[in-house]
Amino acid sequence: MGEKAAQPRISTDREANAWGGRTDGEGVGHLRWHQHVATALPSELDGAVALIGFCSDAGVLRNQGRVGAVDGPAALRTALSPMAIHERRPLLDLGDVVVEGDDLEGGQERLALAVAQALDAGSLPIVLGGGHETAYGTGNGLLRHAAADTGKRIGILNLDAHFDLREEKQRTSGTPFLDLAKEMQRQGREIHYAVLGISRPGNTKALFDTADELGVSYLLDTQCKLDESQRFVAGFLEQIDLLYLTIDLDVLPASVAPGVSAPAGFGVPYEVIRAVCQQVVASGKLAVADVVELNPRFDVDSRTARSAARLIYELSIE
């Protein structure tokens, strides 16, 4: 594993500025996230939750989806701000990586660097997307962090209605896990990729064939009862040492998450997704996570943002 930096130097493109809200008092028993989160880099990140925004619509636009995910990080911070603090785990906001225009590849490179640096410093990075093109940057950050220890089995658990294994001429929000699989193959790593929530109508036969060729394990949205989902996740966790958890909010029913690029006509119940988040935290194998595809332009009463914020909250509890 990478050595932990005594004085971390983690660079993003801009500082976060979306924190704020109601204040009931300054005592420990009154604290909310907006009062507890730090935006100045401390000398020690070990054990902290480190938030990194990825402001990008480029991959969704290339994938012919409806744009708006570029505003996702700010909306997630707004939804997280009023949440109460019960356990005083350090919270740090490292700011945003911003994709300018169509420079997706440059943004993914900067995100990978920030994630790797945060991991090297001993923190739990949680990336706030952005379209699901976010995943290529997040995943590469973990691969860089673990580059010196090829014996560590890295697993990707995707909570998503889609495989995102498309073969395209350039990276999009529909290609990240095929792109990461190719990178892992180049590094001589075994591919461990699992998807919970796959919509059969939302994925072509070619995508199912690609998943089978890569040895991807998956659970259809129609199969995602609580017990079966937890057995599926437990079996996957047994195969790996380090976990990258990626949550595409379109895995949720449209009634819960209307503000996404591709709302689900069926979806996985929220309580199942929340229980899976708790399960991976309890495993002790969670290394990095991201929450993607929030599109505030199509949200209803911040319903999607609030649902996502609760999942981030669950991932942040030690």
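Trainee: Which residue stands opposite Leu 245 in S7?

Mentor: This is a predicted model, in which local features need pLDDT of at least 70 and side-chain atom pairs count only at pLDDT 80 or more, while totals for chains, interfaces and linings use all residues. Residues are numbered from 1 along each chain as its sequence is written, and side-chain values use heavy atoms, with hydrogens and water left out. Helices (H or I, at least four residues) and strands (E, at least two) are DSSP runs, numbered from the N terminus, and two strands pair if DSSP finds at least two bridges between them. S7 pairs with strand S4 (residues 154-159) in the parallel sense over 6 bridges, and the residue opposite Leu 245 is Leu 157.

Trainee: What is the bridge partner of Leu 245 in S8?

Mentor: Strand S8 (residues 286-292) runs parallel to S7, and 6 bridges join them. In S8, the partner of Leu 245 is Ala 289.

Trainee: Why is strand S7 largely enclosed by the rest of the structure?

Mentor: In a regular strand the side chains alternate between the two faces of the sheet. Leu 242, Tyr 244, Thr 246 and Asp 248 point one way from S7, and Leu 243, Leu 245 and Ile 247 the other way. Buried means under 20% relative accessible area (exposed over 50%, partly exposed in between; 1.4 Å probe, protein chains only). S7 (residues 242-248) is largely enclosed because its buried residues number 7 of the 7.

Trainee: Against which elements do the buried residues of H6 pack?

Mentor: Helix H6 (residues 176-186) is mostly covered, with 8 of its 11 residues buried; among them are Phe 177, Leu 180 and Met 184. Contact here means heavy atoms within 4.5 Å. The elements are helix H5 (134-145), S4, strand S5 (192-198), helix H7 (205-214) and S7.

Trainee: How many helices and strands has the chain, and what percentage of its residues count as buried?

Mentor: The chain has 10 helices and 8 strands. Of its 318 residues, the share that count as buried is 58%.
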